[in-house]
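Good morning, and thank you for coming. Please look at the sequence and the structure as they come up.

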Amino acid sequence: MRSLVAERMSVAEISKGKPAAVAGRRRPSLAPLRGFATAPGRGFLLTAGSIAIAFLSWQVLSTFIFNPFLIPPPLEVIRTAIPMILSGEILADVSISMSRVLVGFTVGSLAAIVFGVLLGRLQLLHDLLDPIIELMRYLSPTAMIPIAVIWFGIGELSKYFLIFWGTFFIVLVNTIAGVWRAPIARQRAAECLGANQVQIFVLVIIPSAAPYIVTGMRVAMASSFMSIIPAEILAADSGIGYLLQKSSMLLQTNRIFVALLTICLLGFVFDRIFRLLVARTLARFMSFVAVT
Amino acid sequence: MLQLDKVRKVFPAAPEPYVALDGVDLEVADGEILCLLGPSGCGKSTLLNMLAGFERPSAGSVSCGGAPIRGAGRDRVMFFQDAGSALFPWLNVEENVRFGLRVRKVPKAQWAGIIDNYLRMVDLDRHRNKFPAQLSGGMRQRLQIARALAVEPVVLLMDEPFAALDALTRRRMHAVLLEIWQRTRKTIVFVTHDIAEAITLGDRIGIMSAGPCSIISKIIDLDLPRPRDLADSAVARIFNDIERLLAPDIARSEERAAQ
C-alpha cells in the first residue's frame, strides 16, 4: 500500500519536472489557441498575468471590502517590506531559516538514502524495522517540537533536528521503493556481464532508484519549508517563523504579510533551484522515467 | 557444451509446492542454435534461468562445458525480452557496451576497438551517443546483442528476445542474429513460443510439454538450409507437425491458466 502511494506520487512529481518538449507533446491541441500555446514566453506571460490578477483583487478586497488592518493591501505590504529589506532584517531572518532548512535537509536526505538503500536491500533488516518506521513517520516535525526543545534547547540544533526528522522519513520511504523497483532483468543482465554484487548495487540498483530518491527529496524539501515555520514560531529567537510570531504579538499585520510573502517566494525559488540542479547533474538518471 | 541431466525444479507455493520441471534431459552442442518451444507456463524461462545460473535445480544437474553451473558465469550471457529494463537507461549506447568491459576489467586500451567492432556489427555505430529511450525497440535489442557479445561469451541465452517487436522488425532481427551467429558460431539457446521463429532460427527445436512437471517431450532436427522460407513445402510440413504436436499441450496450459 505504502509503496503504491510512493510510486504514484513519484510519477506525478516527476512528470511535473519533465522536459518541456515532452510536456508539450501531451498537451491537448486547441486549434484557436495553438499560436499562443507555442508562443515563446507564454509561460512567463501567464505567470505574470496570474500574479497581477491576484494582486489587483487583493488590493480591491482589502481596500473596499475587508478591514485593511486584518488584510493589509499589497501596496501597504510593499511599503512595509522596503525598509525591512533595506535594513537587512529580512535577509538575516531568511538566511538563518534557510541555513536551518539546508542543514537539516541535507543531513536528513543523506542519512535516509544510506539507510533506505540498506533497508531496500536487506530484507530481514527491512522487515524488522518497517513496523517502527511505519509508526514513527506519523510523528510530524511539529509534533516533535516540544520534545526537541527539551532535548536540544531553542538553539540551532533543535531546528536542525526537526527538519532532519521531517526529511528523513519521506526520503527513506521513497528510497526503499526505488531500490525495490530496480528491475530484476537489469540486475541479472549486469551479473551476466560480469558485475559482482557490490558493482550491481552501486552501478545498477542505486542509479535505478535515483528518480525515486530525487522525487522524495523534492517532496521533503517542500515539507522542510512547511515545518521550519512552526518550529521557529514555537522555539526560536530568530528566523522567518520568529518574525511571524513577534509581529503577531505586536499586532503588526503588515509585517506578518511580508513574512508570508517571503515564505512563498523562498519555497518557489528553492524548488526551482532544486529542479535546475537535478536537470544539470542528474538528467540522465531522470530522463528515462518519463519515457518508459 | 550445455547439459541438463534429470533436472527437476520445484517452486514453493501454496497450498502445495509447484513442480515446474520434472526430469528434463538436454544436451546443447557447441555452436548450435537450440530453440525451446512450448506453451506459456511450461517452464522454458525457468530452464533458461537455470542455464544462466540465476536459479538452481531442485534435483538433477546443470552443467556448462562439463562443470556444474553454480551462478552467473562469464561464459554465458542472458538476453531479455524487455530491453527497456535490461539495458542501463542512464548510459548511452556506447556506455552500455562499455559497462561489461569495465566490470570485467578488460584493459582500457582495448575498449574503443571492441565497442566499435560490436556496434558496427549490429549497425548502431551511428547512434552511439543516444540513450536507450531514444532508440526503437529493434535498436534496443540490437544494443543488447552488442553489449552481450562485447564480453565475448561462449553461450547466448535468449528469453523470447524478439517477442515484443512488430513482425517486420522481428524478421530483421532474425536475419541480424543469424548473420552474427554465422560469423561467431556462438552456442545459442533461444526460448520462444513462436513456431515460425523456432523454425527460422533453430538447428534443433526442443518441444516442451505444458506444466506442471514439464519435460522436453521431443527434439526435432531441422536439417534444412537457411534462410528458411515458410512457404517452402518441407518447412511448412515441419510447421504443421509441430503445431499438431503442441495442440494438446496448448489446450492443457490454457485450461490451467483459467483455473
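Chain A contains 14 helices and zero strands, so helix follows helix along its sequence, where helices (H or I, at least four residues) and strands (E, at least two) are DSSP runs numbered from the N terminus. This is a predicted model: local features need pLDDT of at least 70, side-chain atom pairs count only at pLDDT 80 or more, and totals for chains, interfaces and linings use all residues. Residues are numbered from 1 along each chain as its sequence is written, while chains are lettered from A and ligands numbered from 1 in the order in which they are written.

Of the 292 residues in chain A, 33% are buried, meaning that 20 or more other C-beta atoms, placed from the backbone, lie within 10 Å of the residue's own.

Let us turn to one helix pair. In chain A, α6 (residues 89-121) packs against α12 (residues 240-249) at an angle of about 130°, with the axes 7 Å apart; axes are lines fitted to C-alpha atoms over the stretch in contact, and angles run from 0 to 180 degrees between N-to-C directions. Asp93(A), Val94(A) and Ser97(A) of α6(A) meet Ile240(A), Gly241(A) and Leu243(A) of α12(A).

Finally, the two chains: 22 residues of chain B are in contact with 18 residues of chain A, contact being C-beta atoms, placed from the backbone, within 7 Å. On chain B, β6 (76-79), α2 (83-86) and α3 (93-103) each supply at least two residues of the side touching chain A.

Conventions
Buried ≥ 20, exposed ≤ 12 C-beta atoms within 10 Å, placed from the backbone.
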